[in-house]
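Here is a short tour of one model for you to follow on screen.

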Amino acid sequence: MAMASLARRKAYFLTRNISNSPTDALRFSLSLTRGFASSGSDDNDVVIIGGGPGGYVAAIKAAQLGLKTTCIEKRGALGGTCLNVGCIPSKALLHSSHMYHEAKHVFANHGVKVSSVEVDLPAMLAQKDTAVKNLTRGVEGLFKKNKVNYVKGYGKFLSPSEVSVDTIDGENLVVKGKHIIVATGSDVKSLPGITIDEKKIVSSTGALSLTEIPKKLIVIGAGYIGLEMGSVWGRLGSEVTVVEFAADIVPAMDGEIRKQFQRSLEKQKMKFMLKTKVVGVDSSGDGVKLIVEPAEGGEQTTLEADVVLVSAGRTPFTSGLDLEKIGVETDKGGRILVNERFSTNVSGVYAIGDVIPGPMLAHKAEEDGVACVEFIAGKHGHVDYDKVPGVVYTYPEVASVGKTEEQLKKDGVSYNVGKFPFMANSRAKAIDTVEGLVKILADKETDKILGVHIMSPNAGELIHEAVLAINYDASSEDIARVCHAHPTMSEAIKEAAMATYDKPIHM
């Protein structure tokens, strides 16, 4: 990617001569990281509010560029939602639950006989927690290595160059900075009339820590998070029903892939109620009663469940920052408005990640963070949101980058389509995982790749060949003429590319 190339350029900043003063020691004595570098003066070059994927990456990159940097994080553990209660713990449970499902239903097909298989839920959750703990400590270690000051507390603006921090110790301090970056991420989007108690009515956070496997689980929302968490508990034995207001699951997904994906989930006994809205909820009894009706209105139905997961999306988290106090502009959705350099309308104040427009994805936030501090350092940064990959970590996975067929039709773009099913892939047949396909969309005149969509085991890994190709404006013929190792799942990408500009060999 262009970002990677820029990151390799030699930094032209001179190493700063920073001294440790009594003022610095006093300023940071309230944080729990005395071993980290002291500030060196009253002012930092960069202050980041938020220690999630966008914030902590921005902090490390800023320090690497020679900028004196402080990161403020309210949670007391770095990594944000993604590492603590999102991406990482959910993938741990997805993997553990998949192992259980394979042992119970698939091992025998490969000649591996197991007399009995049972779930040890506390052990499964403990493994998840261990992974999270080790990674958060790892990020703290990176802060220490790169001399990033780390303040544990809730920050809010006093001025465009001052942040008041209520520390987790109950104290208060003021952190000053020439440039302040808001990287506070996003929070669960609530639904009217539904109170999340994280016991019977849970968010994605509560769904990661259920102490019992619910007999019946209702998921409100058929997006990435809802389908992933529904998959976890469905594999472990829950009867899962997904209620979605829209006509399709994952509406932004390529239509053809989406239909195959839904069929695959239905084979796994996940039920779907599409074009359905929730109009009432009663959690006064032992379980939860959900009253639903057709999205366009009609006869109401009552659904019963042990647990209801509210997964209707996420919303920017900017409450309590006092953005209005310094005049930072936001849109109707609460997202902070920035220009191409991530600058807000207030000089010296920037924003990245989920609090600004664009995909709400951890890796997008990371790229925002790197580009933002590169601009601050006088370098060049760039993030193309049209080339950010997305992955649904179910089984099979679904991964994509670039345009869908529906988007190309809407934009009036002439295109060619190349597809190759994993049923015709030798590696997939050898390991008995033939479900899915690769779909490539390329410009009809130039053959430039416009979009790639993959449904398969490990699609989240396979997609990056396509991500690289799209970032370098490659054609489908470029991929088709690259030698791919045999036998591999990635050969399906080569064959799909051959099908796009010419004809595949193995189909």
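## The cavity

A cavity here is a set of points, on a 1 Å grid over the protein atoms alone, where a 1.4 Å probe fits but cannot get out. Grid points are joined across faces, edges and corners, and a volume is the space filled by probe spheres set on the points. This is a predicted model, in which local features need pLDDT of at least 70 and side-chain atom pairs count only at pLDDT 80 or more, while totals for chains, interfaces and linings use all residues. Residues are numbered from 1 along each chain as its sequence is written, and side-chain values use heavy atoms, with hydrogens and water left out.

How many cavities of 30 Å³ or more does a search of the whole structure find? The search finds one. The largest cavity holds about 50 Å³ of space. Val 188, Ser 204, Ile 225, Val 310, Ser 311, Ala 312, Gly 313 and Arg 314 line the largest cavity, where lining residues have an atom within 4 Å of a point. Sorted by class, that lining has four nonpolar, three polar and one charged residues; Ala, Val, Leu, Ile, Met, Phe, Trp, Tyr, Cys and Pro count as nonpolar, Asp, Glu, Lys and Arg as charged, and the others, Gly among them, as polar.

Helices (H or I, at least four residues) and strands (E, at least two) are DSSP runs, numbered from the N terminus. Two strands pair if DSSP finds at least two bridges between them.

## The antiparallel sheet

Another open sheet has three strands in the order β11-β12-β13, and the pairing is antiparallel. Its edge strands, β11 (276-282) and β13 (301-305), each pair on one side only. From one strand to the next, the twist averages 30°.

Strand β12 (residues 288-294) runs antiparallel to β13 and is joined to it by five bridges. Which residue of β13 is the bridge partner of Ile 291? That partner is Thr 302.

Axes are lines fitted to C-alpha atoms, for helices over the stretch in contact, and angles run from 0 to 180 degrees between N-to-C directions; contact means heavy atoms within 4.5 Å.

The axes of α5 (residues 87-105) and α8 (residues 224-235) come within 9 Å and cross at roughly 35°. Residues of α5 that meet α8 include Leu 93, Leu 94 and Tyr 100, and those on the α8 side include Met 229 and Val 232. The contact's residues divide into five nonpolar, five polar and three charged.

## Backbone details

Most residues other than glycine have a negative phi, and most peptide bonds are trans. A cis bond joins Tyr 395 and Pro 396, with omega about -5°; Pro 396 sits in the loop between β17 (390-392) and β18 (397-402). His 486 and Pro 487 are also joined by a cis peptide bond, with omega about 0°.

Asp 322 is not a glycine, yet has a positive phi of about 60°. Look for Asp 322 in the loop between β15 (314-316) and α10 (323-326).

Conventions:
On a 1 Å grid over the protein atoms alone, a cavity is a set of points where a 1.4 Å probe fits but cannot get out, and a pocket is an open set with protein on both sides within 12 Å along at least five of seven lines; lining residues have an atom within 4 Å of a point.
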